[in-house]
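Please look through the sequence and the structure shown below. The report that follows takes up a few of its parts in turn.

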Amino acid sequence: NVQHWSDIFKSLNKNKELKHLGIGGTSIDDCSAASLGALLAETSSLTSLCMDRSSFESVLIEETSNAMARHICLTRLNVRWVEMGAVGATTLSSMLRQHAQLQHLIVDHIEMGNSGMS
């Protein structure tokens, strides 16, 4: 049930030492994406986020990018085998321009739509 993800992300907000979060192979709805965005914005210790093989609306990429803009600590991002669409690809591209601290970016086998990343 996707509601469980929202609850899990909300409860992780209390963990101020979280360094790695792997949510690969999951299906995340808009409500859970908002909870994940809040978690990312509040967890300044997070350095690695793995979302490979996930299925979600483009709002997750937006929430992730917005949260990363608030706490620039992420050094590793894995979005391989993710279908993010044109909106998600544009948002990700914009976020990447602002984050020079990112050391590892894994984007192979992603579906970005016709416009791709600019």
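## A residue in a loop

Does Glu17 count as buried or exposed? Its relative accessibility is 59%. Exposed means over 50%, so Glu17 counts as exposed. Glu17 is found in the loop between helix H1 (2-12) and E1. From the C-alpha of Glu17 to the C-alpha of Ser44 the distance is 8.2 Å, although 27 residues separate the two in sequence.

## Confidence

The model is predicted. For the protein chain the mean pLDDT is 75, with 73% of the residues at 70 or more. Where pLDDT is low, the predicted coordinates should not be read in detail.

## The sheet

Four strands make up an open sheet: this sheet of 4 strands has the order E1-E3-E5-E6, and the pairing is parallel. At the edges are E1 and strand E6 (104-106), each of which pairs on one side only. On average, and with direction ignored, neighbouring strands of this sheet are turned by 5 degrees against each other.

E1 and E3 run parallel and are joined by 3 bridges. Gly22 has its bridge partner in E3, namely Cys50.

## A buried serine

Ser48 belongs to strand E3 (residues 48-50). Is Ser48 buried or exposed? Its relative accessible area is 12%. The limit for buried is under 20%, so Ser48 is buried. When neighbours within four places in sequence are left aside, Ser48 is in contact with Lys19, His20, Leu21, Leu74 and Arg76.

## The nonpolar core

Which residues touch the most other members of the largest nonpolar core? They are Leu21, Ile23, Leu36, Leu49 and Leu77, out of 19 residues in this core. Helix H2 (30-42) and helix H4 (85-98) are the elements that give two or more residues to the core. The most comes from H2, with 4 residues.

Ile23, another of the residues that touch the most other core members, has contacts of its own to list. Not counting residues up to four places away in sequence, Ile23 touches Trp5, Phe9, Ile28, Leu36, Cys50, Met51 and Ser54. One of these, Cys50, is the bridge partner of Gly22.

How values were computed. Residues numbered from 1 in each chain as written. Predicted model: local features only at pLDDT ≥ 70, side-chain atom pairs only at ≥ 80, totals over all residues. Heavy atoms only, no water. pLDDT = per-residue confidence, 0-100. Buried < 20%, exposed > 50% of the residue type's maximum accessible area, 1.4 Å probe, protein only. Contact = heavy atoms within 4.5 Å. Core = buried A, V, L, I, M, F, W, Y, C linked by side-chain atoms within 4.5 Å. Pairing = 2+ DSSP bridges. Axes fitted to C-alpha atoms, helices over the stretch in contact; angles between N-to-C directions.
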